[in-house]
Each structure stands twice: as structure tokens, then as C-alpha cells.
Amino acid sequence: MAHLDPAELGEYFSRLTPGADIDLRGTTIDSPLLNRVSEALTRPGDSASTVRYGRADFRGAIFVQNVEFGRVNFTGNTYFRGATFNKEADFRDAVFGDHSDFRGARFTEHADFRETTFTKRTDFGRAAFAQGADFDEASFTENADFGGAYFAQGASFQYSKFAEYADFGHATFKQNTSFNHATFTENANFRTSKFKDRARFDKVTFGDNVNFRAATFTNHASFDDAVFAKQAMFSGATSIDSVDFTGANFAEAVVFRGISFTGFADFSGATFAKHANFLETNFANDAGFRGTNFARGADFIGTRFGDRATFTRATFTRDANFRKTIFIRTADFCETSFSEDADFSEATFAQDAIFRGVHFGRVVNFHYTTCAGSIDFANTTLANNERLGPLIADRIDLRGAQFETATTIEAETSEITCQRARFTGGVELRIRHGLVDLAETFMGTASSLATSAGEFTIDGLDDLPPLRVPQEQIDRWRATGYSLDHRPVLKSLRGTDVSELALTDVDLRWCRFAGAHHLDKLRIEGDSPFSRPPRAWWRDARQVVFEEHPWRARLTPKSGWSKAAPFDKARDQGEQVGADRLAALYRSLRKALEDGKNEAGAGDFYYGEQEARRRADGSSLAERKILLAYWLISGYGQRAARAFVALLGVIAVTTVLLVTCGLPAPGPASQSTTITRGSQTTTIVEDPRPQLPASNARWTWSRLDASVRIALGAVVFRDASQKLTTAGVWAVMIARFTGPILLALTALAIRARVKR
């Protein structure tokens with residue numbers, strides 16, 4: 001048509017009828033020319049909406065003015081391959097009844113394909129849209145090819161329908177792109193596509209497989225409430241800013257393996273009906289999986305969460321694998337449900353890990369897991385877990401946790417809290433370094449708290465190195481927990497029934513026993529030191545329960561006794577233990593130590609019991625006086641030196657009394673008088689009254705030697721047959737009474753010492 005003169009051109013248009021073929025290849029087309037074509041292809045008397053092309057060939061054509069193809073019906077093949085639209089191109093509500101080819105076309109200004117119908121195969125491959133491209137509510141009945149297309153401004157495919165294969169591979173979207181509410185009935189391909197700005201796929205339905213492999217999302221990408229009916233492939237894709245899959249539904253397996261989410265990634269409320277693959281995925285920013293449903297297993301092996309990871313109220317119906325996963329910030333699994341196995345082996349938590357209120361239906365593995373912050377298992381249920389750990393954590397919180405089977409917990413930590421935890425099948429706690437709080441803990445059967453002399457290992461996992469904590473971290477733990485070495489420091493047994501509990505190699509210096517039940521059945525074994533009194537030359541060195549410290553501190557504030565444990569908080573200092581209760585504590589623990597053949601500890605606790613009784617309000621005045629005397633002369637039968645010194649004191653006092661006023665001067669043993677009356681003679685024998693020598697003659701070596709002998713004989717209940725003054729007789733009688741008692745107390749104390 002470009003070579004025709006005006007007359008020939010007029011004749012050509014006169015022969016055109018609706019549905020005729022048009023060939024405008026390489027033609028420069030302005031508005032008048034296009035209008036003449038449209039008029040020629042319109043039935044007389046009809047509106048422009050009935051413009052009907054047959055085969056239309058505009059390959060290489062140049063449209064220099066606005067193009068109006070709105071409501072046009074292209075009944076045959078239509079070719080705009082390589083065409084250039086210098087102004088706006090309007091194809092709104094047009095119908096392409098056969099193959100349409102826009103490959104390589106150039107749209108300089110806005111291109112409007114809203115509500116357009118593409119009945120056969122459509123090709124926009126490598127087409128370039130310099131301004132906005134609008135395909136809202138467009139319908140593609142057969143294959144739609146946008147491979148390599150370039151959208152310099154906004155591109156919109158909202159409510160569009162792709163009935164067969166849709167190809168956007170290698171396409172580039174430089175500004176906002178929207179596929180909201182679009183429907184892809186068959187496969188959709190976005191492989192290696194580049195979304196330079198926001199990409200919206202909200203409420204999109206992908207009826208078959210969709211491929212986003214190696215796609216690049218430079219800005220926010222949104223798939224809110226999108227439906228993926230078949231497999232979704234995102235492996236190798238990149239999101240620089242953020243991506244949102246809130247409420248998305250993945251009906252088949254989905255692969256995000258190797259993706260790098262540099263921005264925020266939100267999968268909250270999404271449903272993964274089949275397997276979800278996040279292997280080696282990188283979440284550089286926040287990752288949200290709140291309320292997400294994983295119905296057929298999820299793999300996060302080797303995944304890296306660079307910021308906060310939130311799995312609050314998520315549901316894992318099948319296995320969940322987080323092995324070797326790295327969490328740089330807080331990981332929140334609060335109230336998440338794991339119906340099958342969950343594996344966090346070798347995972348790394350650089351900050352806190354929150355598993356509060358989680359339900360683990362089967363086995364959960366934390367083998368060789370490390371957490372630089374605290375792991376929170378408060379109110380968590382572990383229905384079928386036989387082992388937790390070995391793991392490393394700064395703090396472990398098991399408050400209110402429920403373990404329904406026999407469990408072994410192995411951890412290196414600065415503190416583990418088990419308040420109100422329930423170990424229905426019993427628990428074997430093996431803790432290194434840290435504080436352990438067992439207040440109000442329920443242990444349904446035999447349980448123990450112990451340590452490990454070496455690093456933790458697991459049988460059958462010899463290929464893994466032992467769990468090792470840096471020495472600087474251990475030093476910090478020991479400084480905050482005041483531990484002596486690797487042994488755990490028991491903090492409290494308040495409210496716990498300890499009848500089934502064994503403590504082996506546990507630091508008990510700060511433990512609060514008040515309020516524990518069945519303390520007399522507690523088993524204390526190994527090297528488990530108790531607290532000691534403040535150092536003083538007059539104070540006995542013995543083991544004491546920590547409750548004695550604040551009790552003594554209240555009685556004598558400046559005596560050096562501790563008012564509280566060094567790690568106590570204000571709320572831990574409220575309970576006051578009085579003397580009566582302290583005596584009961586010592587009595588029960590003494591029985592426990594006696595049953596464990598710990599005579600030394602039992603003796604010290606007997607001493608502590610009597611000390612508390614001596615000051616208890618429930619003790620009578622007479623009982624207190626007796627206990628005071630008992631303490632003074634023998635340390636309640638536990639201090640042999642004190643009883644022996646008392647015995648020596650009795651001997652010394654008796655000796656002094658005998659020398660000064662008990663041993664008479666030498667003289668006749670008896671004095672006889674004979675009286676004769678007639679033939680009867682009567683002899684009267686009288687013992688002369690003992691006379692003391694002069695005061696300056698009493699202290700002689702012979703008198704001192706005799707006095708010592710008499711005193712020694714008196715304390716062993718032997719009679720020296722020595723004449724004594726009345727004072728001497730009383731002194732010897734008192735020595736005979738007190739001496740054997742002191743000898744017995746000395747022997748008792750020596751026996752206690754030998755048992756130690």
C-alpha cells in the first residue's frame with residue numbers, strides 16, 4: 001500500500017469489505033490512513049465497534065500517531081511483529097480470533113490491551129513497552145508468549161486469564177507490575193524474569209506449574225492469597241527488598257531452594273499442602289511464617305535467617321527439618337505445633353530461641369544445637385521425646401513444660417529453670433556449669449540431676465565433634481552463677497516432691513530446700529558441697545543449708561552471714577525461714593544423708609538442727625538451757641575437742657578445790673581414848689576432824705600430785721580412799737557425776753569424727 005498513488009489508493013479502499021485481508025507491512029501509518037482502513041472494514045450504517053479485519057499484516061509498520069484498535073475484531077492472523085507505535089496504542093476490548101504476533105514490537109507510549117481477547121496463540125516476545133502496558137481483564141485462550149518482553153514503566157495484568165501456557169521468561173519489568181487476581185490455568189513461566197520494582201501477584205491463581213527459577217525481585221514482591229494448584233519453582237530466585245506470600249495456598253510441592261531473600265519475607269497464613277523446600281535459602285531480613293500450615297513436611301536444612309524468624313502458631317503436620325539452620329536474630333516458634341518429628345540438630349541460634357507453648361507430638365532433636373541467648377520451652381509439650389540435647393545455651397527455660405515420657409536433658413548453660421515443669425516419666429538432667437531451678441517440679445518416677453566430667457557426646461554420632469563451649473563463655477557463666485567448676489549449681493527445690501530425686505556431683509551451696517516434700521528421701525551422692533558459715537576463729541567449720549544464712553543474718557546483721565544468694569533477685573528474698581522450720585529442714589536432710597552413708601554431712605546437719613532448736617520459739621526455756629549446755633560442753637556431741645577440754649576443766653577445777661580446801665594436812669588417821677571404871681575398861685576410837693594446813697603450806701608438789709590423782713580417779717568413777725574435807729568430798733562427788741558424762745560425750749564425738 002505504501003507504493004500506491006492517491007487514485008490507486010482510493011480504488012484499493014473501495015474494494016475493501018469487512019473481514020478483508022490487510023497488508024500494511026513496512027508502512028508509515030498516521031491517523032487518517034488508519035481511519036480510512038477502519039471505515040472500509042466497517043459495514044455501512046454500523047458503528048466502529050464492528051470493524052472487522054481478516055488477515056492483518058502490520059509487520060514493520062510505523063504508527064506515528066495514536067492508534068485506535070479498540071473493539072476491533074481481528075478474525076484472521078494478525079501480525080504486528082517489529083511494528084513501532086510512536087504514540088498511544090489502544091487495543092481495548094479488541095478480539096483477536098486467530099494467531100496474533102507482536103514479537104519485537106515497540107510501544108513508545110501507553111499500550112492499552114484491557115479486556116482484549118486473544119483467541120489463539122499470542123506472541124509478545126521481546127516486545128518493548130516504553131510507557132505503561134495495561135492488560136487488565138485480558139483473556140488469552142491459547143499460549144501467551146511474553147518471553148524477553150521489556151516493560152519500562154508500569155505493567156498491569158490484573159484479572160487477566162491465561163487459559164494455556166503463559167511465558168514471561170527473561171521478561172524485564174522496570175517499574176510496578178501487577179498480576180493481582182489473574183488466573184493461569186496451565187503452566188506459567190517467569191524463569192529469569194527481572195522485576196525491578198514492586199511486583200504484585202495478590203490473589204493470583206496458578207492452576208498448573210509455575211516457574212520462577214532464577215527470577216530477580218529487586219523490590220517488594222507480593223503473592224498475598226495466591227493459589228498455586230501445582231508445583232511452584234522459586235529456586236535460585238532473588239528478592240532484594242521483600243516478598244509477601246501472606247495467605248498463599250501451595251497445593252503441590254514448592255521449591256524455594258537457594259533463594260536469597262534480601263528483604264522481608266512473609267509467609268504468614270500460607271498453606272503448603274505438599275512438601276515445602278527451603279533448603280539453603282537465605283533470609284537476610286525478617287522472615288514471617290505466622291500461622292503457616294505445612295501439611296506434608298518442610299525442609300529448612302542449611303537455611304540462614306539473617307534477622308528475626310517468626311513461626312508463631314505455625315502448624316507442621318509432617319516432619320520439620322531445621323538441621324544446620326542458622327538464626328542470626330530471635331527465632332520465635334511460640335505456640336507452634338509439630339505433629340511429627342522435628343529436627344533442630346546442629347542449628348545455631350545467635351540470639352534467643354522461643355518455643356513457648358509449642359506442642360511436639362513426636363521426637364524433637366536438638367543434638368549439638370547452640371544458642372547464644374536463651375531457649376524458651378515454657379509451657380511446651382513434648383509428648384514422645386526421650387532426649388533433649390546435648391545443646392549449648394546461655395539460658396534454658398522449661399517453666400511449665402510437660403514431658404510425657406522418660407527424658408534425658410543434656411546441656412551446657414548458665415541457667416536452666418524447670419519451675420512447674422512436669423516429667424511424667426522421670427528425667428535425667430545432666431547439666432554443666434549452670435544454675436538449676438527445680439522449684440515446683442513434678443517428677444513422676446526416678447529422676448536425677450548430675451553433671452558430666454567431659455564434653456557431651458552421642459552414641460552413634462561419632463562423626464560429629466564433641467559439643468565444646470569457648471572458655472571465655474564458661475568463665476562468664478561461672479562468674480554469674482558462682483559455680484566452682486563444671487558441676488551444676490542447684491538453686492531451689494521449693495514445692496518439689498524429691499522422694500524420687502537423686503543429686504550427684506551437684507553444687508548445693510545456694511540451694512533452697514524450704515518447701516520441698518519428702519526431703520528425708522532425697523538422695524545426695526558424689527561430691528555435692530553445701531554452704532559454709534562465714535570464717536571466724538570462734539565459729540565451727542561445718543556444712544549448712546543456705547536457709548541458715550539469711551536466718552542468721554537477721555539475728556546478727558553484721559556477722560558475715562549472707563542475706564541472699566549472690567544471684568538472687570528481689571522476688572527470691574521474700575520467703576523467711578524461721579528456727580522451727582530450719583530445724584525441720586536439717587532433721588529431714590540429716591535422715592537423707594544418713595541413708596546415703598554420709599556421716600560427716602549428717603553430723604553437721606545434726607549440729608545445725610540443734611542450733612535451730614536452741615533458738616526456736618517452739619522450744620521451752622528448759623530445753624533451750626539444756627541445749628545451750630550441750631553446745632557449750634561438746635558442740636552437741638559433734639566436737640570432741642570441746643568435750644575433752646570440758647573434761648580437763650573439770651579435772652583442773654577439782655584439783656584446785658582439793659588443793660585449796662579439800663585435802664587435809666597429814667595427821668593421825670584416828671584417835672583412841674581408854675576409860676576404866678572398876679573392872680570394865682572401854683576404848684573409844686574417834687576420827688579426828690580433818691585440818692587444813694596453813695595457807696602458805698597448801699600448794700606443795702606432794703599435795704598437787706595427790707589432788708590430781710584423786711581428780712583423775714573421780715572422773716573415771718574410782719575411789720582413792722583419801723580422807724577429805726567436807727568441801728573435798730563434794731568436789732569429788734561432782735567430778736564423779738560430770739566426768740563420766742564428759743567422757744561419754746568425748747567418745748561420742750570421736751566416734752562421729754572417725755565416721756567422717
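The model is predicted, so local features need pLDDT of at least 70 and side-chain atom pairs count only at pLDDT 80 or more, while totals for chains, interfaces and linings use all residues. Residues are numbered from 1 along each chain as its sequence is written, and side-chain values use heavy atoms, without hydrogens and water.

**Salt bridges**

Side chains of opposite charge can pair when their charged atoms come close. A salt bridge here is a side-chain nitrogen of Lys or Arg within 4 Å of a carboxyl oxygen of Asp or Glu. By this rule there are 45 salt bridges. Three of them are set out below.

| Pair | Closest N and O atoms |
|---|---|
| Glutamate 115 and arginine 92 | 3.3 Å |
| Arginine 587 and glutamate 609 | 3.0 Å |

Arginine 587 lies in helix H5 (residues 579-595) and glutamate 609 in helix H6 (residues 599-615), so the pair ties together parts that are 22 residues apart in sequence. Helices are DSSP runs (H or I, at least four residues), and strands are too (E, at least two); both are numbered from the N terminus.

How accessible are these partners? Buried means under 20% relative accessible area, exposed over 50%, and partly exposed in between (1.4 Å probe, protein chains only). Glutamate 609 is buried at 4%. Arginine 587 is partly exposed at 39%. Aspartate 394 is buried at 8%, and arginine 395 is partly exposed at 42%. Glutamate 115 has 31% and is partly exposed. Arginine 92 has 32% and is partly exposed.

Salt bridges can also join into a network. One links Arg542, Glu548, Arg552, Glu611, Arg614 and Arg615.

Aspartate 299 sits in strand E48 (residues 298-299). Aspartate 299 is buried but has no salt bridge. Which side chain of opposite charge is nearest? That is arginine 257, 8.2 Å away. Lys and Arg count as positive, Asp and Glu as negative; His and the chain ends are not counted. The side chain of aspartate 299 does make a polar contact with the side chain of histidine 275, at 3.0 Å. A polar contact is a pair of N or O atoms within 3.5 Å; within protein, one must be able to donate a hydrogen and the other to accept it, and residues adjacent in sequence count only if both atoms are side-chain atoms.
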